[in-house]
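Here is a briefing on one structure. Please keep the sequence and the 3D view open while reading.

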Amino acid sequence: MKRCAPLAAVVALLLLVAVPASVSAQAKDTLVVGLVSHAPTLDPHMHFERVGILVNINMFDSLLHRSTKLEFEPSLATSWKALSDTQWEFKIRKGVRFHNGEVMTPADVKYSFDRVIDPAKKSPQYGNIRAIKEVRVIDAETIHIITDKPFPLLLERLVFFPIVNKKHVEAVGDQAFGTTSPVGTGPWKFVEWKRDQLIRLEAFDQHWRGKPPFKHLIFRAIPETATQVAEIKTGGVDIIRNVSADIVPELKNHPQAYISSTPILRVHYVNMDMRSAPFDKKAARQAANYAIDKSTVIQKLMAGLGTQVSTVVQPLAFGFDPEVKPYPYDPKKAKDLLAQAGYPNGVDITLHSASVADRPSFEAMAQMLTEVGLRTTPRAWDPGPAWNKFFQGEGKATNGLYGTWGNYSVFDADAVLHPLYHTEQGGWIGKWYTRVEGLDRLIDEARSTVDQPKRKRLYSQIQQLIREEAPTIFQWTQYDTLGISKKVQYAARPDEWLWLYDAKPAAAR
Amino acid sequence: MLSLLTRRLIRLAVVLAGVSVVTFAILHVSGDPVSLMMPEAPESDRVVLRQSMGFNDPLPVQFARFVHNIARGDFGQSFFHREPALPLVLERMPTTLLLTVLAMALSLGLAVPIGILSAIRRNSAFDHSATLVVFLGTSMPVFWTGIMLILLFAVQLRWLPVSGWDSWAALVLPAATLATFSTPLLLRIVRSSMLEVINLDYVRTARAKGVSEWLVICRHALTNAALPLVTVAGLQFGLLLGGAVITETVFAVPGVGRLIVNAIRQLDFPIVQAGVFLLALIVVLVNFAVDVLYIYLNPQIRVR
């Protein structure tokens with residue numbers, strides 16, 4: 001037994017030596033962000049994951065930027081205009097340097113588009129910009145973007161479309177560019193990537209906006225929420241995302257952290273299966289909308305961090321019509337409508353969901369529907385391949401599915417209407433579940449012009465139509481809720497970006 | 001004895017082949033990776049991509065190609081990382097193995113002495129409290145234990161870092177978490193097999209000869225009690241690898257488990273196949289080692 005004593009001493013010594021280094025607070029000029037995961041690549045064109053975008057935007061610039069008020073701002077493009085329905089002109093900022101010292105040119109811009117438009121590259125962003133037919137270099141500071149049909153979402157798409165250095169990418173190759181040597185023009189440059197552990201960046205002295213306030217920027221991958229919360233309480237991490245409603249009060253009153261929250265582009269919906277009974281009847285669908293007490297769910301289950309919406313088009317998106325009012329909570333009217341639809345004694349239905357985080361509101365909703373006679377069996381599924389295959393890919397979610405849609409950060413009504421409702425073959429879930437006369441045509445019409453006032457009128461018409469036809473149980477939009485260390489001054493953005501150039505060390509107290 | 005080892009090696013190959021077939025089959029019926037690779041792309045573009053990736057061929061053809069490729073050590077290119085899958089898995093393997101081995105060592109380091117003491121002092125206060133700890137250990141799910149340990153040692157006491165894998169201190173909590181999962185069973189095994197042998201004739205004879213009590217326990221009793229322990233520890237190793245997936249998630253450890261779970265969500269076939277294959281290989285090898293150890297520990301097997 002005595003032999004163990006020296007070993008125990010060694011272990012204890014090891015712990016003493018190793019512990020202080022790792023628990024001690026981060027240096028003042030370092031900002032540490034906790035993300036649930038890292039994207040599979042740092043190449044900004046070869047993934048389409050939120051966690052990857054959040055890292056990329058701090059290393060790469062796009063042609064346009066978006067202010068915290070969601071207005072377009074110049075970034076690598078200094079000005080832009082539509083020359084016709086299908087041709088746009090962009091002036092390119094002069095004297096911008098990449099991290100490797102090269103000066104950015106229109107040729108780099110063209111190259112960046114070409115590598116996504118080329119289907120052989122299999123870029124996951126291909127679908128976003130496939131409407132772009134060609135990018136033409138006009139002179140040393142001008143490019144033209146030509147689209148194959150009117151593409152009103154072009155500017156939206158350019159807010160995250162990072163410009164890469166042609167010479168560098170071609171020299172190191174795609175794989176090295178995505179893993180060991182990403183080079184952009186952004187405020188921070190790449191230092192190292194320990195996969196699933198941390199991405200380390202360092203301020204780029206020659207960045208055209210000027211040096212960012214934090215010299216070191218680290219993105220740690222911490223999949224478990226409880227662990228993230230523990231990290232922010234102990235100072236291991238400075239910013240965490242998606243703080244859930246039950247954690248909010250705890251961090252709000254914490255001596256070392258605070259909460260920053262703002263409405264974002266993520267709408268919750270239950271798309272009803274209009275192909276079969278009972279939701280083939282308009283009255284039954286309207287009944288479901290009257291049955292849900294949205295404000296109670298928002299207050300009791302979402303810590304008040306939600307806003308009721310009239311349809312799936314959100315106040316933040318272009319085309320939103322404030323004149324369209326939400327369905328009020330009216331269980332009596334719901335029962336009457338259900339009787340009208342032919343179900344005076346109620347009817348049994350099933351709803352499906354794969355949103356683990358939203359399980360409480362899903363179950364509350366099932367209960368509210370049951371109370372008016374839509375006796376609901378809520379089925380919660382793992383958000384994995386089976387969900388994609390059966391419910392999104394094959395349309396088997398009878399009688400409806402609960403989900404959330406983030407518009408892919410596009411602040412335009414089209415970005416939610418088309419995937420949710422359009423019935424064309426290549427469409428998303430609309431082709432399975434939605435059957436609203438005339439809706440496809442209206443969506444197409446609004447999509448095929450860059451005349452914004454005309455689009456706005458069409459979207460008003462659409463919102464009135466879907467409010468009446470009720471293909472969806474309309475619910476609420478979500479908030480983005482950040483937990484932030486008191487050492488750092490930062491605020492959540494409506495586009496869910498972590499634009500850390502705006503983060504500052506908090507004033508010394 | 002040689003023929004025994006040969007038989008075991010053949011079994012090893014059969015198990016690995018079986019695991020590959022099952023993984024391949026489950027993955028290929030579970031969904032379409034192309035729809036995840038090109039969201040928002042029209043169906044016409046996806047058809048082209050499916051064609052170029054060989055997904056349109058009949059399954060047997062795809063399987064033959066898969067077998068042909070892994071025979072050359074090529075598990076294919078990850079769909080999302082855009083790199084070969086095998087190195088991505090191998091890169092993370094040492095982390096997972098270190099975690100598992102640490103947990104196993106910690107388990108054995110606790111289970112063997114405590115188990116022996118419990119057996120010797122049967123029904124003592126020590127034995128009863130050990131039983132109680134065993135109950136607690138087996139009843140706590142790994143993720144819960146992990147979070148509780150974080151709250152106590154990292155948030156309250158500030159002795160250890162919350163998560164990560166960049167210092168020795170960071171290894172302590174994940175290894176301890178994983179060990180709470182495997183220690184109880186091992187402890188039970190040590191205790192019960194010690195109890196079985198401790199009153200047998202040869203042990204009594206040894207005592208009668210005047211051999212010191214410690215020597216009786218370590219040399220005579222433990223050697224025989226070790227057989228079931230080795231068997232269970234070998235099986236536990238596989239379970240620990242599985243438990244490592246959860247531990248890696250709770251403590252943000254960059255291991256194979258997290259990689260595979262993410263790959264399953266994204267239907268990244270090559271990574272899942274390479275990862276499952278390698279983990280199966282390790283489990284099978286550990287069991288092979290257990291068999292060899294058995295032969296060493298129990299001469300009777302050699303004769304048979």
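**Backbone exceptions in chain A**

P278(A) sits in the loop between β12 (257–272) and α10 of chain A. Helices (H or I, at least four residues) and strands (E, at least two) are DSSP runs, numbered from the N terminus. This is a predicted model: local features need pLDDT of at least 70, side-chain atom pairs count only at pLDDT 80 or more, and totals for chains, interfaces and linings use all residues. Residues are numbered from 1 along each chain as its sequence is written, and chains are lettered from A and ligands numbered from 1 in the order in which they are written.

- Most residues other than glycine have a negative phi, and most peptide bonds are trans.
- The peptide bond joining A277(A) and P278(A) is cis, with omega about 0 degrees.
- T398(A) and N399(A) are also joined by a cis peptide bond, with omega about 5 degrees.
- N399(A) lies in the loop between α14 and β16 of chain A.
- A303(A) is not a glycine, yet has a positive phi of about 55 degrees. A303(A) is in the loop between α11 and β13 (306–308) of chain A.
- A303(A) counts as buried because it has 20 C-beta neighbours inside 10 Å. The cut-offs are these: buried means 20 or more other C-beta atoms within 10 Å of the residue's own, exposed means 12 or fewer, and partly exposed is in between, with C-beta atoms placed from the backbone.
- E496(A), another residue other than glycine, has a positive phi near 65 degrees. The loop between β18 (488–489) and β19 (504–505) of chain A holds E496(A).
- E496(A) is buried, because 20 C-beta neighbours lie inside 10 Å.

- Helix α13(A) (residues 359–371) has 13 residues and reaches 19 Å from its first C-alpha to its last. That is close to the 18 Å expected at 1.5 Å a residue (1.5 Å times one less than the number of residues).
- Its buried residues are S361(A), F362(A), M365(A), A366(A), M368(A) and L369(A). They cover an arc of only 165 degrees around the axis, so they are on the same side of α13(A). The arc is that of the directions from the helix axis to the C-beta atoms.
- The cover over these buried residues includes α10 (282–291), α11 (294–301), β14 (347–353), β15 (374–380) and β16 (400–405) of chain A. Contact means C-beta atoms, placed from the backbone, within 7 Å.
- Just after α13(A), G373(A) has a positive phi of about 110 degrees.
- A357(A) is in the loop between β14 and α13 of chain A. A357(A) is partly exposed because 14 other C-beta atoms lie within 10 Å.

**Helix α17 of chain A**

- In α17(A) (residues 439–447), L439(A), I443(A), A446(A) and R447(A) are buried. Their arc around the axis is only 100 degrees, so they are on the same side of α17(A).
- Their cover includes α15 (414–421) and α18 (452–469) of chain A.

**Contact between chains A and B**

- Chain A gives 48 residues to the contact and chain B gives 47 residues.
- α1(A) gives the most to the side of chain A that touches chain B, with seven residues.
- That side divides into 19 nonpolar, 18 polar and 11 charged residues. Ala, Val, Leu, Ile, Met, Phe, Trp, Tyr, Cys and Pro count as nonpolar, Asp, Glu, Lys and Arg as charged, and the others, Gly among them, as polar.

Conventions:
Two residues are in contact if their C-beta atoms, placed from the backbone, lie within 7 Å.
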